[in-house]
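These are my notebook entries on a structure that I went through site by site. The sequence and the model come first, and the entries follow.

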Amino acid sequence: MPQKNVSHLLATDLDGTFVGEAEELRSLLDHFERLDETVTLVYVTGRHLESALELIEQENLPFPEVLITDVGAAIHDFSDPDVSLMWKNKLGDDWNPEDIRRAARNIKGLQEQELPVSCRVSYYAEGEAAVNELKQTLRSTGIPHHLIYSSGRDVDVLPLGAGKGNALSYLIEQKDWSDADILIAGDSGNDLDMLSLPYPAVIVGNCQDELKSVQGDLIYRAKRPCAGGILEGWKHYFSESLSPM
Ligand code: GLC
Ligand code: MG
């Protein structure tokens, strides 16, 4: 399918990044509206599809070009369902959530999140000891997986090869968007792999502890919270090519 021509792209986490400070979000969207170029939006969230759509409606967010959900375990490309399907196929058939549940069954301090999806198994952890035990158990079973611990509470066990970073870089490649001006924004540990991709990125001012000391040549640390931090990052990278100021 011929791909849409995209010159500017914002790939952003939702909770605590794009969403969280209504006035800051208004300013960011106003800024985008004043630009000559269109900024294409991709949301990259830990939420499952239904929950992400609910948030979009509740907060009256602009509808994105593509929605990456479940910490990168699913891609929803509304104009090209093939991309979604190809990502699913790429993650493979050897993913079995029951294997993960079996491995986690006797670990204290883990409560499974109730989710309407089978592309990941997520938990609330009471402390790091439980997370470490889960890591060790999964490693010893040899089950292919990718574990992400974030916000001092959430543990996501994903198919190997999933994650926000892998999903986003797959999307950019499939859509032929790598020449666009891209900004990636996040606030917590499940954003780290996408913030570390070779594109300009911003960590918003209200980030979680696990991102407080993260640095990188292409990582701008904003002072302002949520969407205010995104705007700060956007101006930092692109204000020269994109007036008005
Ligand atoms: C969101 C999701 C939750 C996930 C967490 C971290 O809060 O709702 O299921 O564990 O992000 O990725
Ligand atoms: Mg977040």
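**Entry 1: histidine 76.** I looked up the polar partner of the histidine 76 side chain in this predicted model and found the side chain of threonine 69 at 2.9 Å. I counted a polar contact as a pair of N or O atoms within 3.5 Å; within protein, one must be able to donate a hydrogen and the other to accept it, and residues adjacent in sequence count only if both atoms are side-chain atoms. Histidine 76 belongs to strand 4 (residues 74–77). Strands (E, at least two residues) and helices (H or I, at least four) are DSSP runs, numbered from the N terminus. I noted histidine 76 as buried because its relative accessible area is 18%; buried means under 20%, exposed over 50% and partly exposed in between (1.4 Å probe, protein chains only). Leaving aside neighbours within four places in sequence, I listed Leu49, Val66, Leu67, Thr69 and Ser84 as in contact with histidine 76, where contact means heavy atoms within 4.5 Å.

**Entry 2: conventions.** I number residues from 1 along each chain as its sequence is written, and chains are lettered from A and ligands numbered from 1 in the order in which they are written. As the model is predicted, local features need pLDDT of at least 70 and side-chain atom pairs count only at pLDDT 80 or more, while totals for chains, interfaces and linings use all residues; side-chain values use heavy atoms, with hydrogens and water left out.

**Entry 3: the magnesium ion.** Which residues coordinate the magnesium ion (ligand 2)? I found Asp13 (OD), Asp15 (O) and Asp187 (OD), at 2.2 Å. Donors are N, O and S atoms within 2.8 Å of the metal (3.2 Å for Na, K and Ca); water is not among the atoms, so sites may look incomplete. Aspartate 13 is in the loop between strand 1 (8–12) and helix 1 (22–34), and aspartate 187, 174 residues apart from it, is in the loop between strand 9 (181–186) and helix 7 (192–195). I recorded both aspartate 13 and aspartate 187 as buried.

**Entry 4: the two domains.** By an automatic or database domain assignment, the chain divides into domain 1 (8–91 + 162–238) and domain 2 (97–158). I noted 25 Å between their centres, taken over C-alpha atoms. In contact are 14 residues of domain 1 and 12 residues of domain 2.
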